[in-house]
Amino acid sequence: MLGTKRLLSQRFTIHHARNLSKVVDKLLPVIPLRDPSQWSSRRFLDIYQFGNKAAIEKERARLKDEMNRGYFADISEMKQHGGKIAVANKIIVPAMTAMKFPVTEVSYPDGISIKLPITSENVNTAKSDVPKASVLCLSFRASSLAMVDSWSIPFLDAFGQSKNVQLYEVSFIDSWLLTRNPIKKILLRIMRKSKPAERNNIVQSQIVYSFGDHYDFRKELKILNLLTGYIYLIDKLGRIRWQGSGFATPDELSSLVSCTSFLLEEK
């Protein structure tokens, strides 16, 4: 354990310490993986499921899916459109047709875990404490951090003084080795010591991390490219009312602000 701590302290200079993805990208070369596509997940089928036909079929479908969509396909897409998977919504998604954001567990640098999105259904909190609007910025690789900033910084400028808004920046860590408790605790400790400067706002960007296998989560949100950033506007019932990707454009930021304002006024 002491050797691992010494290795981390000697080899890594963290330029953007709020993002564990930066640390992960520097740690991965130390891990003897031959194929970059293996960096995304080191998942094994539970030995007790070998007799479970449904579980085996599900795993086969997953492997086929991941083989058809690899690291180099993501790079090729990035060269084509710079991470802009699709143009963001121009208007808010009607509540009746909006899909639920899949609940996911995340950890703060101090080790405290919560479930996102914050709703009265998945947390023990009064309805008055549930935000009317939450923006979730998702990063799967360090390449998307600047994209997330292009959304989060203007959003805080617009709604930094609102009591009914929350902003979360979620970094997903799905490398099998890095999700092991000893390494996970060291990485979170590094993040805790390198806390970013807070803005003079009521609303702060809350930096959290999600460890583990996220295949089903990504599948539900139809997330394929892991090199870009994804932005979701969630209402108080956990429904996705707006979404964007890649670097923010002025028109898309205007749309996000308008849709957030609508949720704040919605009864």
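## Salt bridges

Across the whole structure, which is a predicted model, a search finds five salt bridges. One of them joins the side chains of R239 and D235, with an N to O distance of 2.7 Å, and both R239 and D235 are buried. D235 also takes part in a salt bridge with R241, where the closest N and O atoms are 3.0 Å apart, and here too both residues, R241 and D235, are buried.

R241 in turn meets the side chain of E266 in a salt bridge of 3.4 Å, N to O. This pair links distant parts of the chain, since R241 lies in strand β7 (residues 240-245) and E266 in the segment after α8 (250-265), 25 residues apart. R241 has a relative accessible area of 2% and is therefore buried, whereas E266, with a relative accessible area of 24%, is partly exposed. Through shared partners, the salt bridges join D235, R239, R241 and E266 into one network.

## Aromatic pairs

The search of the whole structure also finds seven aromatic pairs. In one of these, the rings of F101 and F217 have their centres 5.7 Å apart and their planes at 70°, so the arrangement is edge-to-face. Because F101 lies in the loop between α4 (71-81) and β1 (104-107) while F217 belongs to helix α7 (residues 215-221), the pair ties together parts that are 116 residues apart in sequence. Both F101 and F217 are buried.

A further edge-to-face pair is formed by F140 and Y230, at 6.5 Å centre to centre and with 80° between the planes. This pair likewise links distant parts of the chain, with F140 in the loop between β3 (133-139) and α5 (145-159) and Y230 in strand β6 (residues 230-235), 90 residues apart. The relative accessibility of F140 is 2%, so F140 counts as buried, and Y230 is buried as well, with a relative accessible area of 6%. Ring pairs link F101, F140, F172, F217, Y230 and Y232 into a cluster.

## Cysteines

A disulfide is a covalent bond between the sulfur atoms of two cysteines. How many disulfides does a search of the whole structure find? The search finds zero. As for the cysteines themselves, C137 counts as buried because its relative accessibility is 1%, and C259, at 3% relative accessibility, also counts as buried.

Technical notes: Residues numbered from 1 in each chain as written. Heavy atoms only, no water. Phe/Tyr/Trp six-rings, centres within 6.5 Å; stacked < 30°, edge-to-face > 60°. Helix = DSSP H or I, 4+ residues; strand = E, 2+ residues; numbered from the N terminus. Buried < 20%, exposed > 50% of the residue type's maximum accessible area, 1.4 Å probe, protein only. Disulfide = S-S within 2.5 Å. Salt bridge = Lys/Arg side-chain N within 4 Å of Asp/Glu carboxyl O.
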